[in-house]
Amino acid sequence: MKMNRFARSTAATLWAVLLLFPIFNFASVGQARQPVRHVRPSGAPPTRTNREIRKMLANIEQAKIERTIRKLVSFGTRNSLSDQNNPQRGIGAASEWLYGEFVKVSQNSGGRMTVEKQTFEQGKAPRIPEPVQMTNIIATLKGTMPDSANRYYVVSGHYDSMCTSPTDAKCDAPGANDDASGTAAVLEMARVMAAHKFDATIVFMTVPGEEQGLLGSTHFAEEAKKQKLDIEAMFTNDIIGSSVGGNGVRDRKSIRVFSEGVQSNETPEEAVARRGVGGENDSTSRQLSRFIKETAARYVPDFSVSMVYRRDRYLRGGDHIPFLERGYPAVRFTEPNENYNHQHQNVRIEGGVQYGDLPEFVDFGYIAQVARVNAASLACLALAPTAPKSVAIVNKRLTNDTDLQWAANPEMDLAGYEVVWRDTTSPVWTNSLWVGNVNNFTMKKMSKDNYFFGVRAVDRDGNRSLVAYPKPVR
Ligand SMILES: [Zn+2]
């Protein structure tokens, strides 16, 4: 086809626009800023919704969760000081039953899941009048990629319970919500995930001693630290059972995820840097809660994660804290509105009000949804590369560019890296830029003073790691 000069030059302009367009990246900004131009290397593997994960989530059964909770309640009490040897009543019977259930689900794993009783003697403590034996039940689903198998993700619930007094070992303490709900969710996740292969290792854990001072979880976290275990995330599921609060609010469509903003193990030097340039909203646990929120939006539509910017609720603590204190990223899952008539209460009717943590106040379908959010997040984490290490913003010069650097990831299937950023007032990462398989990158004309930046690794299947927040280095 013949074109006149005008048509030719118009076509050339059009082509130029079409070719140039993808290399412009307009930072989404509230404040007026210049559009930022980046060279965008080709080959960013797209984020996909994994069909295998979807199938796994569809297999999570409300009925199985209900059965586990009713069975745990049937032991009468699971107080950590209750009977260890009675086959019907007390924490010993509950622990044996749980062990047997995890062994059953491990049989579906092709030998990749092993189940272990981590028993230890707990000495006297404020809520331990005499030394007592405690047993963590730990099911480990070994990762299948040699360069990732030593990377761990831990999901936990506590199987002990209490009535009004934490040291009353005789009273009925059904603990249907606190925390048979979390325990049942962990067992159900182990059941549906056992048959699947993940690059990294997932630990499904149920622990006692939470009500006695986070004892089971502290023991595990301390042993992990001694063995220098690389735990990249820990989830505790504690009181995830009710969709109706004591305030009468009914919410079946959200879960709170609590994360600390400033790391419990922050050093004085890190505190100085943070006071200088910020970062109090960018702990590893906060990145974890962002990852969970994004993953839930992708895999559990019609259900949302409410990030809560605090380590835990007022007057309360949980099994994630011993992990945080040892430098491991950890978050807490808890229902949106609690009902204190059904926590830590002797079972009784008073003034026409039913007190006690009974199964009739638990919403099994709701727990299944929370388990899906957990399972999707664990699966995405364990399929993805590790978060980049030694991520830094280089501060050698006063400049309106941002110089980022990081260490190379070890994975064989690594495709490269993305730089992510957001306005300093934004709760979540809003932008990302594929930078290819490099270990430093300069964000031209984007000042580190105006944004928060992060780096994440991407594998060839498009699995994205947790975001690593850079430290300032000279
Ligand atoms: Zn609890």
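Author: What follows starts with the zinc site and then turns to the cores, a helix and a strand residue.

The model is predicted. The zinc ion takes its protein donors from His158 through NE2, from Asp178 through an OD atom, and from Asp238 through two OD atoms. These donors lie 2.0 to 2.6 Å from the zinc ion. The angles among the four donor atoms run from 53 to 146°, and the site is irregular.

Along the sequence, the donor residues follow the spacing H-x19-D-x59-D. Aspartate 178 sits in the loop between β5 and α5 (180-193), while aspartate 238 sits in the loop between β7 and β8 (254-258), so the two tie together parts that are 60 residues apart in sequence. Aspartate 178 has a relative accessible area of 4% and is buried. Aspartate 238 is also buried, at 2% relative accessibility, because the cut-off for buried is under 20%.

Next come the nonpolar cores. The largest one has 91 residues, and Ile69, Phe102, Met193, Phe204, Phe235 and Phe333 have the most contacts inside it. Helix α10 (residues 364-383) supplies the largest share of this core, 15 residues. Another core, of 16 residues, lies apart from it and includes Phe220, Ala224, Ile231 and Ala330. In soluble globular proteins, nonpolar side chains tend to be buried together.

Beyond its neighbours within four places in sequence, its contacts include Val154, Val155, Ser156, Phe333, Asn374 and Leu381.

Helix α6 (residues 215-226) has twelve residues and spans 16 Å from first C-alpha to last, close to the 16 Å expected. Its buried residues include Leu215, His219, Phe220 and Ala224. They pack against β3, β4, β5, β6, β7 and α9. Just after α6, lysine 228 has a positive phi of about 55°.

The last item is threonine 442, in strand β17 (residues 440-443). With 27% relative accessibility, threonine 442 counts as partly exposed. Apart from neighbours within four places in sequence, threonine 442 is in contact with Asp401, Thr402 and Asp403. Its side chain makes a polar contact of 2.9 Å with that of aspartate 403. Arginine 474 is 32 residues from threonine 442 in sequence, and their C-alpha atoms are 15 Å apart.

Terms used. Residues numbered from 1 in each chain as written. Predicted model: local features only at pLDDT ≥ 70, side-chain atom pairs only at ≥ 80, totals over all residues. Heavy atoms only, no water. Core = buried A, V, L, I, M, F, W, Y, C linked by side-chain atoms within 4.5 Å. Buried < 20%, exposed > 50% of the residue type's maximum accessible area, 1.4 Å probe, protein only. Helix = DSSP H or I, 4+ residues; strand = E, 2+ residues; numbered from the N terminus. Contact = heavy atoms within 4.5 Å. Polar contact = N/O pair within 3.5 Å; in protein donor to acceptor, adjacent residues only side chain to side chain. Expected span 1.5 Å × (residues − 1). Donors = N, O, S within 2.8 Å, 3.2 Å for Na, K, Ca; no water. Tetrahedral: all angles 85-135°; square planar, octahedral: opposite > 155°, others 65-115°.
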